[in-house]
Amino acid sequence: MQHGKCELCHLMRDLHDSHYLPAGGYRRARAANLKNPNPIILSNGKAKQSSNQVRDYKFCTECEKRFNVGGESWVLSKVPAQYGKPFEIHTLLNTATPTFVRKGFLIFPGATVPEIDLAKLVYFGISMFWRATLDWSPVDGGTPPKLFMNIRQKEGVRQFLLGNGPLPKDMVITVAVWPFKKVYLMNFVPSRVEGAYRQYRFHFSGFIFVLSFGKKLPAELKRTCAYRSKVLTINSKLGESVKQELASQLETADKRRIQGTLQEIAAIRAKSASSSQN
Ligand SMILES: [Zn+2]
């Protein structure tokens with residue numbers, strides 16, 4: 001503990017040594033059957049294992065609890081505990097009826113899958129994007145990519161996270177479910193997506209969160225907003241792009257540090273694939 005100003009509620013409090021990625025996520029994503037079960041996070045394009053977690057004295061007990069109750073604990077309870085285990089969200093969506101289907105792009109209204117708590121997903125996603133706007137101490141000389149929000153947006157999001165107001169109108173948060181059968185139990189920090197408007201995204205053990213900014217965002221994008229349109233999406237094009245990014249970033253990673261883990265994951269996957277065919 002360290003005394004200081006909590007970055008969420010702005011009160012002077014005892015602060016926790018807070019993790020950028022939820023600590024529970026590290027525990028959960030430690031697939032129990034991996035010898036070195038640390039997940040991989042990205043920092044300045046380098047994949048690292050969580051022995052060097054990004055952390056800092058940031059939030060008070062009450063705000064840590066807010067993050068936890070607001071979204072983290074629900075999201076973590078839905079993430080597969082081990083590689084090869086089924087993803088509960090896939091099972092739920094398999095029996096749900098999308099209201100829109102076009103070439104690998106599906107929209108599911110939250111109301112049709114009441115077991116999926118969209119509000120918790122939105123809160124979790126927004127809290128991660130907001131954390132990315134904060135300063136974090138470097139780890140191994142690398143810091144997480146920084147997300148830009150203007151002062152009004154940043155304050156609006158802070159008030160939203162405190163439960164004091166809606167999300168700013170010029171933001172769209174899309175929550176997409178991993179479109180492929182096998183889920184990567186890897187959690188990444190938000191990074192910028194090149195395009196016509198300001199956009200960031202991150203992958204968290206089977207969920208893809210995308211945050212887009214702008215007053216003139218395309219109507220098609222607005223339709224995918226988990227907050228205002230209250231929908232969940234499956235988008236194979238987005239999934240493919242995230243998968244490629246994941247692969248290319250792992251390609252440029254410090255291989256010596258993650259090679260063992262990657263081989264173990266591949267072996268477990270091969271094993272679970274052959275057993276599911278039997
Ligand atoms: Zn606080």
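Let's start at valine 175: beyond its neighbours within four places in sequence, this residue is in contact (C-beta atoms, placed from the backbone, within 7 Å) with Leu121, Val122, Gly125, Phe207, Phe209, Ala226 and Leu232. The model is a predicted one, where local features need pLDDT of at least 70, side-chain atom pairs count only at pLDDT 80 or more, and totals for chains, interfaces and linings use all residues. Residues are numbered from 1 along each chain as its sequence is written.

Val175 also belongs to the largest nonpolar core, which has 63 residues; with Ile126, Ile173, Phe209 and Ala226, Val175 touches the most other members. Helix 4 (residues 118-131) gives the most to this core, namely eight residues. Such a core is a set of buried Ala, Val, Leu, Ile, Met, Phe, Trp, Tyr and Cys residues joined through C-beta atoms within 7 Å. Buried means 20 or more other C-beta atoms within 10 Å of a residue's own, and exposed means 12 or fewer.

Helix 5 (residues 151-161) has buried Gly156, Val157, Phe160 and Leu161. These cover an arc of only 135° around the axis, so they lie on the same side of helix 5. Ile151 and Arg152, on the other side, are exposed. Helix 4 is included in what covers the buried residues of helix 5.

Elsewhere, an open sheet of three strands has the order 1-2-5, with antiparallel pairing (at least two DSSP bridges between two strands).

| Edge strand | Residues | Partner strands |
|---|---|---|
| Strand 1 | 2-5 | a single one |
| Strand 5 | 55-60 | a single one |

Four bridges join strand 1 to strand 2 (residues 12-19), and lysine 5 stands opposite methionine 12 in strand 2.

Technical notes. Two residues are in contact if their C-beta atoms, placed from the backbone, lie within 7 Å. The arc is that of the directions from the helix axis to the C-beta atoms.
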